[in-house]
Amino acid sequence: MIRFDILSVFPEMFSSPLQTSLLKKAQEKGLIDVRLWDIRQYAEDKHRMTDDAPYGGGGGMVMKVEPIDRALSAVEPVPGKTLVILLTPQGETFNQQMAEQFSQYSRLVLICGHYEGVDERVREYLVEKEVSIGDYILTGGELSALVLVDAVSRLIPGVLGNSESAACDSFSMGMLEYPHYTRPGSYRGWDVPDVLLSGNHAEIQRWRRKESLKRTWSRRPDLLEKLVLSEEDNRLLKEVSQDNGDR
Ligand code: JDE
């Protein structure tokens, strides 16, 4: 069981993604627990302000430190068991390896940044890790938090069924997946590769490995560099370069 405590000024943004499909089932099975904390409820001034103008002037607004600090106190993070994360474009870029590390915690606190950013004291005194989901700017950290919850939850044992198990995901294997096909075998003259219909399991495995290598080589050479390849892999890669690449 892993618990996510999400601090947001727009908690309603989480309703449908968390009430759909695998994340819904994971909560029903008690495998994950997602709690939403409305930062505005922890703003004590009469207008319940969560943001204010920046010291030093200039445009934009800054998220205030007190409401976030008070919301965090309500969450009661357990030291050692909890990681407090700020979602921001300035963080370390999220990847599968980080998702695996995060899945080892029993509690993750996710603070969704907004406006031009948060008061620097949130970073300095309250947050343990800053995470970005990629090099682009969103309207707020909510969608980033959902990405993190989704990627971490599917690594919790029991969240995925046997058939969709995370162990052979392309990114855990370090390369891209081979092409998949299902019925019909021919549609508008678009045919499934013969080898997949041959019933020759060894040939199928070889074809799939080769296609994975081909895709990784042409689309993500950065991944290929990190892989330890077998002699068979190197033979297949040589064939790939002779066959002349994918796309
Ligand atoms: C997270 N990748 C992108 C955005 C922000 C100008 C405008 C807005 C410190 O808090 C934030 C959080 C966010 C939302 O998160 C993302 C994101 N991973 O955009 C800003 C920064 N500069 C600030």
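Residues are numbered from 1 along each chain as its sequence is written, and side-chain values use heavy atoms, with hydrogens and water left out. Because the model is predicted, local features need pLDDT of at least 70 and side-chain atom pairs count only at pLDDT 80 or more, whereas totals for chains, interfaces and linings use all residues.

Secondary structure follows DSSP runs, numbered from the N terminus, with helices (H or I) of at least four residues and strands (E) of at least two. Two strands are taken to pair if DSSP finds at least two bridges between them. Strands of a sheet pair through backbone hydrogen bonds, either parallel or antiparallel. An open sheet of five strands is found in the order β2-β1-β6-β5-β8, with parallel pairing. Strands β2 (32–38) and β8 (129–132) stand at its edges, each with a single partner strand, so one side of each has no neighbour in the sheet. From one strand to the next, the twist averages 30 degrees, where axes are lines fitted to C-alpha atoms, for helices over the stretch in contact, and angles run from 0 to 180 degrees between N-to-C directions. Strand β1 (residues 2–8) is joined to β2 by seven bridges in the parallel sense, and Arg 3 stands opposite Asp 33 in β2. Helix α3 (residues 65–75) lies across β1, β2, β5 (82–93) and β6 (107–112), and runs at about 155 degrees to β1; contact here means heavy atoms within 4.5 Å.

Another open sheet, of three strands, has the order β3-β4-β7 and mixed pairing. Its edge strands, β3 (51–52) and β7 (117–118), each pair on one side only. Between β3 and strand β4 (residues 62–63), two bridges are formed in the antiparallel sense, and Asp 51 stands opposite Met 63 in β4.

On the surface, a nonpolar patch is formed by Phe 10, Met 13, Tyr 136, Leu 138 and Leu 143, with about 430 Å² of accessible area together. Areas were computed by the Shrake-Rupley method with a 1.4 Å probe, and for residues only the protein chains shown count as cover. Patches comprise residues with over 30% relative accessible area and no salt bridge, like charges being joined within 9 Å and nonpolar side chains (Val, Leu, Ile, Met, Phe, Trp, Tyr) within 5 Å. Phe 10 lies in the loop between β1 and α1 (15–18) and is partly exposed at 35% relative accessible area; buried denotes under 20%, exposed over 50%, and partly exposed the range in between (1.4 Å probe, protein chains only).

A search of the whole structure gives 17 salt bridges, each defined by a side-chain nitrogen of Lys or Arg within 4 Å of a carboxyl oxygen of Asp or Glu. One of them joins Glu 239 and Lys 210 (2.9 Å, N to O). Glu 239 belongs to helix α11 (residues 231–243) and Lys 210 to helix α9 (residues 201–219), so this pair ties together parts that are 29 residues apart in sequence. Glu 239 is partly exposed at 22% relative accessibility, whereas Lys 210 is buried at 14%. Both residues belong to a network of salt bridges that links Arg 206, Lys 210, Glu 232, Arg 235, Glu 239 and Asp 243. A further salt bridge connects Glu 66 and Lys 64 (3.7 Å, N to O).
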